[in-house]
Amino acid sequence: MPRVDADLKLDFKDVLFRPKRSSLKSRSEVDLARTFTFRNSKQTYHGIPIIAANMDTTGTFEMARVLSKHTLFTAMQKHYSLDEWKTFAVNHPECLEHIAASSGSGKADLERLCEILEAGNVVTGEMVEELILSGADIIKVGIGPGSVCTTRIKTGVGYPQLSAVIECADSAHGLKGHIISDGGCSCPGDVAKAFGAGADFVMMGGMLAGHDQCLGEVVQKDGKKVKLFYGMSSDTAMKKYVGGVAEYRASEGRTVEVPYRGDVENTIRDILGGLRSTCTYVGAAKLKELSRRTTFIRVTQQAKIKYARAC
């Protein structure tokens, strides 16, 4: 018999932070950088734990050049050639500490990587525990919350992202592992909520789309400048890289036109500024303290809507 889990599950839009007593006199006092030593590899990472998604529109070398200046991370899209990687590494060695590429040196590594990618992200604590005990250091959490992802519509599979992060962070941290909240952030406040819920890293796609550093040309549409943004399981991406959608599966992503937003530097400053403000409101001097200082309150709307009376 099918089982229905009736416990309340929440998304970012369902909650706000409860302000708390704070001794911070300025947002400039907030330290957003974190240092992680990973459970299995024993490697250490230091920086601001925000990641540009490994989508071909956002996980670009151009994006990495800007984000690395702020010690933010870029997960590179997988379709760059070896020559392109070599050229980037030679010309921009200062960026290499803050980028990620998924690859293996042997056939078995590649086959295992393909199996993991086919399995997708996770959303439950038991799946996180299994992957960490199998050797993973960081687990991406999120099925279907992305703005151009249609997995929930096409398959009926998913999990509200805030609850997924809370549950998976609890499981991961109990084993000294780490998680990435992947998807569902549409504003700086959502990024803060993901960290408040216990995420170690937060990955963004849509919030970084439409910038100069994103793949694709700026086009004019109805008098406005736009750029294309699409999911990596969309018709657009699969036609581009594998010739189309295979017969045995469905497209699980959409293609949208997003407003052209100029240099991503301005957006990054906005996100980091919002995150510092969150920490100030709840009294967290360091980003690592945010989850311990977080109390969420349920709400029916995020912001007050102002109505203008016609004259």
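Which residue forms a salt bridge with Lys13? To find out, select Lys13 and then Asp14: the two form a salt bridge, and their closest N and O atoms are 3.2 Å apart. The term salt bridge denotes a side-chain nitrogen of Lys or Arg within 4 Å of a carboxyl oxygen of Asp or Glu.

The model is predicted: local features need pLDDT of at least 70, side-chain atom pairs count only at pLDDT 80 or more, and totals for chains, interfaces and linings use all residues. Residues are numbered from 1 along each chain as its sequence is written, and side-chain values use heavy atoms, with hydrogens and water left out.

Remain at this pair and show the surface. Lys13 is exposed, at a relative accessible area of 56%, whereas Asp14 is buried, at 19% (buried is under 20% relative accessible area, exposed over 50%, partly exposed in between, with a 1.4 Å probe and protein chains only).

Next, select Glu167 and Lys9, whose side chains meet in a salt bridge of 2.9 Å, N to O. Glu167 belongs to helix 6 (residues 161–174) and Lys9 to the segment before strand 1 (15–17), so this pair ties together parts 158 residues apart in sequence. Helices (H or I, at least four residues) and strands (E, at least two) are DSSP runs, numbered from the N terminus. Both partners are partly exposed, Glu167 at 27% and Lys9 at 24%.

Proceed to Lys286 and Asp31, which are joined by a salt bridge of 3.6 Å, N to O. Lys286 lies in the loop between helix 9 (264–282) and strand 13 (296–298), and Asp31 in the loop between strand 1 and strand 2 (34–37).
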